[in-house]
Structure formats: structure tokens, C-alpha cells
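Have the sequence and the model open side by side, and try each task before reading its solution.

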Amino acid sequence: MNLRRIFFLAATLGTPPAFAQNAGLACFTPSTDISAKIAACSRNLESKSLPAGTRALALLARAEAFVLGGDMDKALADYDAALALTPGDANTLIARGKLYESLGMSEKAEADYSDAISRDIAAAEAYALRGALRLKRGA
């Protein structure tokens with residue numbers, strides 16, 4: 001997930017609170033230090049008062065870092081947790097679908113892309129990814 005998508009999600013799910021403007025900011029900004037990003041997001045997620053939308057953003061950011069670090073199981077767990085907080089969020093479904101696809105789970109990927117489309121008919125990326133997946137599978 002890129003920074004533009006995180007800012008879009010922040011606008012739709014809730015802006016990160018003041019604590020994310022200082023020590024926790026590393027969770028929400030691009031970084032080449034994957035371990036630092038994961039640690040920052042994990043610290044943010046420890047907060048009991050974190051609003052659901054911000055918690056979902058932190059989970060998405062950490063999932064992206066896990067993907068970059070090659071820990072796909074933890075990434076999938078964070079995508080699932082984010083979806084539990086913001087059910088049907090098209091951007092989260094697309095991100096999880098991409099992970100499923102990279103893991104060779106094309107049926108689950110297609111289901112996530114289709115779910116994203118049904119929830120946001122303007123989700124152009126989901127249409128493109130689903131179409132490309134279907135072409136690959138010959139469907």
C-alpha cells in the first residue's frame with residue numbers, strides 16, 4: 001500500500017490522533033526501515049484508546065511492512081484484523097487480495113477483488129486486478 005492510499009484511508013476512516021504526530025508517526029510514513037515501521041505501528045496499536053479507524057490504518061501500515069519484510073502470515077493477520085474493524089473496506093480488500101494472489105490463492109484473491117467492487121463501484125484497481133487474474137486463469 002502506498003502513502004497516498006494511507007492518506008485517503010485516514011481521510012475516510014479518521015485522522016491519526018495527536019500521538020501519531022510524534023513518536024507514532026513512523027507507522028504512517030514511508031520508511032526503508034521495515035523493523036522500525038513495524039515497531040512504531042505495534043506501539044500505536046498498544047493504545048487502548050485508539051479509535052477503530054486509526055487502529056485499522058495502523059494495521060494496514062504494519063501489514064504493508066510485514067509484506068515488504070516477507071512475513072506474509074503476519075501481514076494476512078493484520079489485514080484480517082483491519083477488516084474486522086472496518087468491514088468491507090475496499091482498499092483493505094484489495095490489499096488482502098493482492099497478498100492472496102501473491103501466495104497463489106487466486107480464488108480468495110478474486111473473492112476479495114469482487115467484494116471490493118461490490119462495496120465501491122469506483123474501485124478501478126479492483127476491476128483491473130480481477131480482470132488480470134481472470135485472464136491469467138483463463139476464466
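**Exercise 1: The disulfide**

The torsion about the S-S bond of C27 and C41 is about 100°, so this disulfide is right-handed. Please keep in mind that the model is a predicted one.

Task: Find which parts of the chain the pair links, and decide whether C27 is buried or exposed.

Solution: 
- Step 1. Start with the bond itself: the sulfur atoms of C27 and C41 lie 2.1 Å apart, inside the 2.5 Å cut-off for a disulfide. The structure holds one disulfide.
- Step 2. Now place the two ends. C27 sits in helix α2 (residues 25-28) and C41 in helix α3 (residues 34-45), so with the helices taken as DSSP runs the pair links distant parts of the chain, 14 residues apart.
- Step 3. Check the accessibility. C27 has a relative accessibility of 0% and therefore counts as buried. C41 is buried too, because its relative accessible area is 0%.

**Exercise 2: A neighbour in the sequence**

Solution: 
- Step 1. With a relative accessible area of 22%, S42 is partly exposed, whereas C41 is buried.
- Step 2. Look for a side-chain partner: the side chain of S42 makes a polar contact with that of R62, at 2.9 Å.
- Step 3. Compare sequence and space for S42 and L59. They are 17 residues apart in sequence, and their C-alpha atoms are 8.4 Å apart.

**Exercise 3: Two packed helices**

Task: Work out how α7 and α8 are oriented to each other, and name residues that meet between them.

Solution: 
- Step 1. Helix α7 (residues 106-119) and helix α8 (residues 124-137) pack with their axes 9 Å apart, at an angle of about 150°.
- Step 2. Angles over 145 degrees count as roughly antiparallel, and α7 and α8 are therefore roughly antiparallel to each other.
- Step 3. The crossing of α7 past α8 is left-handed.
- Step 4. Among the α7 residues that meet α8 are A109, Y113 and I117, and the α8 side includes Y127, L129 and L133.

**Exercise 4: The whole chain**

Task: Say how many helices and strands the protein has, and what share of its residues is buried.

Solution: 
- Step 1. Count the elements: there are eight helices and zero strands, giving the pattern α-α-α-α-α-α-α-α along the sequence.
- Step 2. Of the 139 residues, 45% count as buried.
- Step 3. Among contacts with a separation of 6 or more, 47% come from residues 24 or more positions apart.

Technical notes: Residues numbered from 1 in each chain as written. Predicted model: local features only at pLDDT ≥ 70, side-chain atom pairs only at ≥ 80, totals over all residues. Heavy atoms only, no water. Helix = DSSP H or I, 4+ residues; strand = E, 2+ residues; numbered from the N terminus. Buried < 20%, exposed > 50% of the residue type's maximum accessible area, 1.4 Å probe, protein only. Polar contact = N/O pair within 3.5 Å; in protein donor to acceptor, adjacent residues only side chain to side chain. Axes fitted to C-alpha atoms, helices over the stretch in contact; angles between N-to-C directions. Parallel < 35°, antiparallel > 145°, perpendicular 65-115°, else oblique. Left-handed = near helix turned anticlockwise from the far one by under 90°. Contact = heavy atoms within 4.5 Å.
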